[in-house]
Amino acid sequence: MNAVASTQLPAALTQHTRRPLKSLAPKTWIVLLSVLAAALVATFMLIDLRGNIGYILPRRAIKVGSMLLVAYAVGVSTVLFQTVTSNRILTPSIMGFDALYMLIQTALTFAIGGQALLSLGAPARFVIEVGLMVGFSFLLYRWLFTGGGKSLHLMLLVGIVFGVMFRGISSLLQRLIDPSEFIILQDLFFASFNNVDGLLLLVSVAAVAAVSGLAWRMRHQLDVLSLGRDMALNLGVDHKRSVTSVLVICAVLVAVSTALVGPITFFGLLVASLAYQLCSHFRHASVLPIAVLLGVIALVGGQLVLERVFAFDTALSIVIEFVGGIVFIALLLKGSVK
């Protein structure tokens, strides 16, 4: 496979039909974006640093660490998911992860109450949410890879149907709970980096690092998978096994990031789309770092602007969802995305 791939992949992976935004090499973009991301992180950590530094710096470090983790997890999972689905509009959230997260929060609030839910503590809620979301994805993948006649498109359809069902159940339960508890519940529906638990951040980093090693080892297989199923099989890639591994990686990344800070539906679509525009080829060794760095710049830079420039008392995820939704509509109207 490697011998054949080495002669066919460079030409196949070059974007002849689309011009990148700038005629810079991907390595140059990585260096420039890395410098900008590092500058934003340093600025966020050190700006207006007064008072008890021993108290302020650790809190800022946890906040920045959570943003870096989410940028990495969402960016990588979106690019990988789009690779195996051969579609630049789909994201892992289309499988119903965000809807399942909202259903979990709503069901727990309905069953035990909003105050009791908060009293469970972040670690307990984190374990419940990650376990249910990974378990849900496991059931979907069994649907895909067991029995005959199963396909990736069928799994996507099932994921969409389940997402609609989860939202419907959540809406019903939200109408039945007390209005005061609904206010508590509503705060959980938006991603927030302000109250991340430091221990959970370390656990999340460990989980993300575990699956990232597998993803990096598969980077050359991912390049082949981006050419389509038939081409991948012709080049000697075990398509079913590779797709299964990628979907498991995506499930863990999305589950961990969502349980840690909350859902960000269109963020992955935003950074992945920009990464492909900046990168002059489809190789994942370049696309993935660019997507992650763009995510870091968007989260850290956006939070810095909201807090220090406009003094907005709102969640950054609301702004990201608005911009990402516009990008999603633009991709649909463009009509050239397969």
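Is Val134 buried, partly exposed or exposed? Val134 is partly exposed, with a relative accessible area of 28%; buried means under 20%, exposed over 50%, and partly exposed in between (1.4 Å probe, protein chains only).

This is a predicted model, in which local features need pLDDT of at least 70 and side-chain atom pairs count only at pLDDT 80 or more, while totals for chains, interfaces and linings use all residues. Residues are numbered from 1 along each chain as its sequence is written, and side-chain values use heavy atoms, with hydrogens and water left out.

Val134 belongs to helix α6 (residues 122-145); helices are DSSP runs (H or I, at least four residues), numbered from the N terminus. From C-alpha to C-alpha, Val134 and Ala251 lie 6.0 Å apart in space, although 117 residues separate them in sequence.

Arg60 is located in helix α3. A polar atom of its side chain lies 2.9 Å from the backbone oxygen of Met45.

| Residue | Relative accessible area | Class |
|---|---|---|
| Arg60 | 10% | buried |
| Val134 | 28% | partly exposed |

Helix α3 (residues 53-85) also meets helix α13 (residues 267-278): their axes, lines fitted to C-alpha atoms over the stretch in contact, come within 9 Å and cross at roughly 70 degrees. The two helices are therefore roughly perpendicular to each other, a term for angles of 65 to 115 degrees.

Conventions:
Axes fitted to C-alpha atoms, helices over the stretch in contact; angles between N-to-C directions. Parallel < 35°, antiparallel > 145°, perpendicular 65-115°, else oblique. Polar contact = N/O pair within 3.5 Å; in protein donor to acceptor, adjacent residues only side chain to side chain.
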